Amino acid sequence: MAQGSKAGLRYDPISPLGEDLTLFCSSNGQAWLSCLSDEKALEIVARQGWGDPGRYGPNAPKTIKDFLDCLHRARETGYAIIHEAYALGISSVATAVRSPEGQHPIGVLSIAGPSPRLTDQRIRELAPLLLAAAAELSAVSDGIRIAAR
């Protein structure tokens, strides 16, 4: 659900807090899975399940090929984009935060909003900022791990 106001926009995810994120049709899931091999990504999605198609947005991947095409695009650009795939009326862009030493994913950063506001053009404007933030988090993640010991 999205609510507009003079001071900004509030976005409340549709899934209840604590519910597992559906990986195959969310930008967060696709960004994370794009860091893995196709085989490993498919194994994880199969384990989680594809779910009821009526539960997701109209642009959710409908076939394994559709899903793999999303992963391949995310690998090429460094970020995953969805428009009305996870939920009707919502678009989002996400990128993985990778470990500094192994480049495996350690987190995900995303921006989500109403599809009319988060257009392809707006995503292209925001993507470099998102990628820069993820790179910065990756660079400091080793220091955070050391400080926590």
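The legends below describe close-up views of a predicted model.

In this predicted model, local features need pLDDT of at least 70 and side-chain atom pairs count only at pLDDT 80 or more, while totals for chains, interfaces and linings use all residues. Residues are numbered from 1 along each chain as its sequence is written, and side-chain values use heavy atoms, with hydrogens and water left out.

**View 1. The chain has four helices and five strands.** Helices (H or I, at least four residues) and strands (E, at least two) are DSSP runs, numbered from the N terminus. From that end, the elements run β-β-α-α-α-β-β-β-α. Of the 149 residues, 36% count as buried; buried means under 20% relative accessible area, exposed over 50%, and partly exposed in between (1.4 Å probe, protein chains only). Contact means heavy atoms within 4.5 Å. Among contacts between residues at least 6 apart in sequence, 62% join residues at least 24 apart.

**View 2. Helix α3 spans residues 64–77.** Its 14 residues reach 20 Å from first C-alpha to last, close to the 20 Å expected at 1.5 Å a residue; the expected span is 1.5 Å times one less than the number of residues. F67, L68, C70, L71 and A74 of α3 are buried. Seen down the axis of α3, the buried residues fall within an arc of 150 degrees, so they line one face of the helix. The arc is that of the directions from the helix axis to the C-beta atoms. The cover over the buried residues of α3 includes α1 (27–33), α2 (38–48) and β3 (80–83). K65 and E76 are exposed on the face of α3 turned away from its buried side. G78, which follows α3, has a positive phi near 95 degrees.

**View 3. Helix α2 packs its buried residues against α1 and α3.** These buried residues are D38, A41, I44 and V45. Down the axis of α2 they fall within an arc of 130 degrees, so they line one face of the helix. E39, A46 and R47 are exposed on the other side of α2. I44 has a relative accessible area of 17%. Leaving aside neighbours within four places in sequence, I44 is in contact with L23, L33 and L36. I44 and F24 are 20 residues apart in sequence and 9.4 Å apart in space, C-alpha to C-alpha. Just after α2, G49 takes a positive phi of about 100 degrees.

**View 4. The largest nonpolar core has 15 residues.** A nonpolar core is a set of buried Ala, Val, Leu, Ile, Met, Phe, Trp, Tyr and Cys residues joined through side-chain atoms within 4.5 Å. F24, C25, L33, F67 and L71 have the most contacts inside this core. Helices α2 and α3 each supply at least two of the core residues. Leaving aside neighbours within four places in sequence, F67 is in contact with F24, L33, A41, L42, V45, W50 and P61. A second, separate core of seven residues includes V93, I123, A127 and L130.

**View 5. The second largest pocket is lined by 16 residues.** On a 1 Å grid over the protein atoms alone, a pocket is an open set of points where a 1.4 Å probe fits, with protein on both sides within 12 Å along at least five of seven lines; lining residues have an atom within 4 Å of a point. Q30, C70, R73, I81 and I82 lie nearest the centre of this pocket. Helix α3 gives the largest share of the lining, five residues, and α3 and β3 each supply at least two.
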